[in-house]
Amino acid sequence: MMSLTSKQVARRQPRVCAWVARIAAALAAVSAINGATAGDLDQTGTLWAPYLEWSLDNPSFEGNPFDLVATVTFEHQGTGETRTTEMFYDNGTTWKFRFAGTRTGLWAFTTSSDDPELDGHTGQVTIEPNPNPTIKGFLASDGNKYVRRINAAGDLEAYRLNVYMNAHNFDTFIAGENYADPVVAEAYLQEAGELGFDCVFTYVVNSWFEFGTKAWNEHDSEDPDPQTFETLESMITTIHGLGGRLQIWAWGDEARRWTPIGVGGINGIPDKRLQRYIAARLGPIPGWSMGYGFDLQEWVTEEQVEEWAAYMHAHLGWQHLLWARGRSNSELDVVSYSGSGPNTYQDVVNALESDPSRPHLYEERFTYMRWDKYDMETTRRHQWWYAMAGGMGSWWGFFSFSPYPYPNPEQLLTCGMFWTDRFCMDMDRANDLTDGYCLKAADNTRYVFYKEDATSIEMNLGGMNGLQPAMAVDTKTDYTEIPLGQLNPEAQTWTAPYSSDWAIAVGGFGLPPDETPPTTPAILDAVAASESRIDLTWTEAEDPDTGISGYMIYRDDLLVASVPPTPLSHSDTGLDEQTEYTYEVSAVNGGGLEGARSDPVSVTTLADTTPPTIVSVTAGGGPHVVTIVFSEPVTEASAQAIENYTIDYDVTVTNAALEPDTITVTLTTSTLAEGVIYTLTVNDVRDCSIAGNVIEPDSQVEFTFVSRVNDGLVVLYDFAESEGTTVHDVSGVGTPLNLELADPGAAEWVEGGLSITNSTIVQSAAAATKIIDACMASNEITIEAWIVPANTSQTGPARIVTLSANTSVRNFTLGQSSTAYDVRLRTTETSNNGIPSLTSPAGTATTELTHFVYTRGETGQRTIYVDNAECASGSIGGDFSNWDTGYRFALANELTLDRPWLGEFRLVAIYDRALEPAEVAQNFDAGPDGPGLTGALDGDGDVDIDDFNTFADCLAGSDVFDPPPGCNPGDFINADLDGDGDVDLTDFARFQEVFTGP
């Protein structure tokens, strides 16, 4: 069983704790190098950063100093590697040049220029290893992967490029005065790190020429502005010194004049002067990459972009990846894409396979809720797709107008933490090994599996190189490793503890080699706690190299459990009574090596002397079903003897069935009356112990039959009318909110429901005040529906149930999007369209009869249940105080008639509270034809004398009295208690049962 050692935990955490100290050290180091003089050119530096800088005085030059060309060539004395860079003008009579060592050892350099003041200077640079492990090399590429150098030996590390921007908290324009302060850059990267990102964004546009400007018509300069570069240098070195990277957009769009078009034209003299200056001044600084800009299709040709990239490459002495959104010409280092992004994992794979020689980037910003697409689930899943496909880059965050913040930031951080040390150079797709997705290392020692909406994952590890440690992570929660122990090289299936999007890592990722097994623990105690449980404790094992990752528990020579390193204890359950068991314990270290087992210890379980008891009795699965749960397994013979059960009020038990769990018994009874308090008496039921303990004589429990939950019910439609155009609210709560079918020709009454066959709407005549007032008062809601979708191709989402005005504003909506259900609910922390929504997994919307329930509690927790199974959940804050009180309630379409839904309605209900899971199960068991609160005729929710008077009026009929509400001539909706279509003396007898009890 694998779990994190303390060192591993520290490595997995966002690197935020030491940022303040690191930034101070980085800036101090940069400041210290800026004083080199022409008389003392030899310097010593460290690998990659901080960069080294020299200053030369040139008082005699006349002309535009930005056009003076002077180059410096550095040669590594051990390998002959050369780096050539240009000098750059830095005000007054000062020219400078810079260097970043890419190899340790001695470098010699020589300057060359037609200007005698800058020509012929020589010197040496000694580059030592960088003591800061956070510092990495220049971003480069290897096939589809982004990579960076990580040590003096030149080893490469694969890199997941995920750019983060936040226009809420940080003005991403480089010339904003705050960006001159390194503390701002630190805060920007820290926020990104809290979401699992280490690359942040800025754009420069015409600040290249004059600090503080965006558009070319805001300035008249044609020369680079050193103040802008000072700000950029501060950002880059600060962020890189903390382990991050800066993504720069050079330009924007021409509609806002954020281009070089007005400054001599694209690739004109001022533009190329700027390009040389960028290469000279920023080129020797690691930690940045550059995109050309956005909306490029509107203002720049492919050929112009290609010329820009070629010119930059020719002048950059160090590699910096260059790309342009939506362009892929051969001069660009990265294939970039615009548009709203992929819709499937396979779309990502197809993009990567279209050009395996370069990395790829979705450069359109997939900010939160953009296009109503990138909600929490889509954002999370796309990040996992991009990694599992092999390393697609992308862009995330917020516009100033985006909803902010992410409602579940822990999901994004979990993704970033999982991939630390696990996104490896030699890993490639191997989806044939699983029923999900897989990345596999070439040497068959490391695997990552990923599967969505999974309760299990198939893993074919038959080719794996030996025994390997494994752990699982729920991608929807805070980062928590679930140890899976040591996996054998064979095909196997992992069963998840519940349904979610799961990732599994197999192999010792990021761990140093460890060839020494841990020490052997000793069992301190083995105690029989009961007839079925033995408690073990043991001493702590030791491993000085990689620490202890867990312990293996063996019972009778079989592995029965693998547990975390703490606590040093385990309870073994499910044992047989009065049986001897022998235990051994071994330790596993961080490298996956298992040590020797402890000396064996034997212990015998106790005898069972406790009789069974009744845990619960419920009657919610229909008027003939009673369910009993006992405290422990009982014998089949005693449990299924009907004479062991009696129910008062002359209710007879005709059958008793013991369920497979051996603790649940289902009774079939004569008809139960709703609302009556019954007493169940149980005798002679025995447990499965050796002694056969018998339940206490005349054990009794009271229960009440209620077919459906009525507490909090606001409206209920059971579609039992069978004719006409009115769908009645049969909740018995307040004034009925009846609905009218707009086009009878577009629907058909069927047995038990209403089938919508063509586009129409079923809607309230006025505002749904009853629903709105109740839910606004509670800030809770449950939407329930029994439905049969006509097909799985209707989208929009197609409106099943809605309280809204049009396609853009609503209080809530239940809709269908192909094979998924989607619920939009407005709160003070969502858009007026109820975005972000909560969506069920693909495949949950079928053409079968389906029970759908959505709940949202006052704390913000929201859940979707489909056929009594929880399949989606999340949290959305705020309250309902921003609901519109004028919206009407409707079924089968939007109020604007442009989101039709086709299918059959069997039941629709709205509650002003969030039903509990047990209540969802009760309504599911009651089925689509479960009645409302029968007998509650006056709408106050109780069955009392007032209902008796109303019933008498219904019984007398419209020929004697004007029919009261809920008692319309011809159907008598709430008074037909036996469901035979008439209100007669049999209903009267049933009403008496409800009112007084049998």
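Rings of Phe, Tyr and Trp (the six-membered ring in the case of Trp) form an aromatic pair if their centres lie within 6.5 Å; planes under 30 degrees apart count as stacked, over 60 as edge-to-face and the rest as tilted. A search of the whole structure by this rule finds 66 aromatic pairs.

The structure is a predicted model, in which local features need pLDDT of at least 70 and side-chain atom pairs count only at pLDDT 80 or more, while totals for chains, interfaces and linings use all residues. Residues are numbered from 1 along each chain as its sequence is written, and side-chain values use heavy atoms, with hydrogens and water left out.

## The chain as a whole

The secondary structure comes to 14 helices and 55 strands. Helices (H or I, at least four residues) and strands (E, at least two) are DSSP runs, numbered from the N terminus. Of the 998 residues of the chain, 56% count as buried; buried means under 20% relative accessible area, exposed over 50%, and partly exposed in between (1.4 Å probe, protein chains only). The chain exposes about 37,800 Å², and carbon and sulfur atoms supply 48% of this area. Accessible areas come from the Shrake-Rupley method with a 1.4 Å probe, and for residues only the protein chains shown count as cover.

A contact means heavy atoms within 4.5 Å. Among the contacts in the chain with a separation of 6 or more, 66% are between residues 24 or more positions apart.

## Aromatic rings

One of the 66 aromatic pairs is formed by W54 and F74; this pair is tilted, with 5.8 Å centre to centre and 45 degrees between the planes. W54 lies in strand β2 (residues 52–57) and F74 in strand β3 (residues 70–76), so the pair ties together parts that are 20 residues apart in sequence. W54 counts as buried at 0% relative accessibility, and F74 is buried with a relative accessible area of 0%.

Y292 and W299 form a stacked pair, 5.5 Å centre to centre and with 20 degrees between the planes. Y292 is buried, with a relative accessible area of 0%, and W299 is buried at 8%. Elsewhere, ring pairs link F61, F66, F88, Y89, W95, W208, F229 and Y277 into a cluster.

Charged side chains also meet aromatic rings. A charge sits over a ring if NZ of Lys or CZ of Arg is within 6 Å of the ring centre and within 35 degrees of the ring normal. The charged end of K214 sits over the ring of F173, 4.8 Å from the ring centre. R422 lies over the face of F418, at 4.8 Å from the ring centre.

## Backbone features in loops

| Residue | Backbone feature | Loop |
|---|---|---|
| P405 | cis peptide bond with Y404, omega about 0 degrees | between β19 (394–398) and α9 (409–419) |
| P836 | cis peptide bond with I835, omega about 15 degrees | between β49 (820–825) and β50 (838–839) |
| N779 | positive phi of about 55 degrees | between α11 (769–778) and β46 (781–789) |

N779 is not a glycine and counts as buried at 15% relative accessibility.

S831 and R810 are 21 residues apart in sequence and 9.5 Å apart in space, C-alpha to C-alpha.

Rolling a probe the size of a water molecule over the atoms shows where empty space is left. On a 1 Å grid over the protein atoms alone, a cavity is a set of points where a 1.4 Å probe fits but cannot get out, and lining residues have an atom within 4 Å of a point. Grid points are joined across faces, edges and corners, and a volume is the space filled by probe spheres set on the points.

By this rule the count comes to five cavities of 30 Å³ or more. The largest cavity has a volume of about 210 Å³. Of the 18 residues that line the largest cavity, M376, E377, L838, R862 and S873 are the closest to its centre. The elements α8 (376–388), β50 and β53 each give two or more residues to this lining, and the largest share, four residues, comes from β53.

Definitions and conventions. On a 1 Å grid over the protein atoms alone, a cavity is a set of points where a 1.4 Å probe fits but cannot get out, and a pocket is an open set with protein on both sides within 12 Å along at least five of seven lines; lining residues have an atom within 4 Å of a point.
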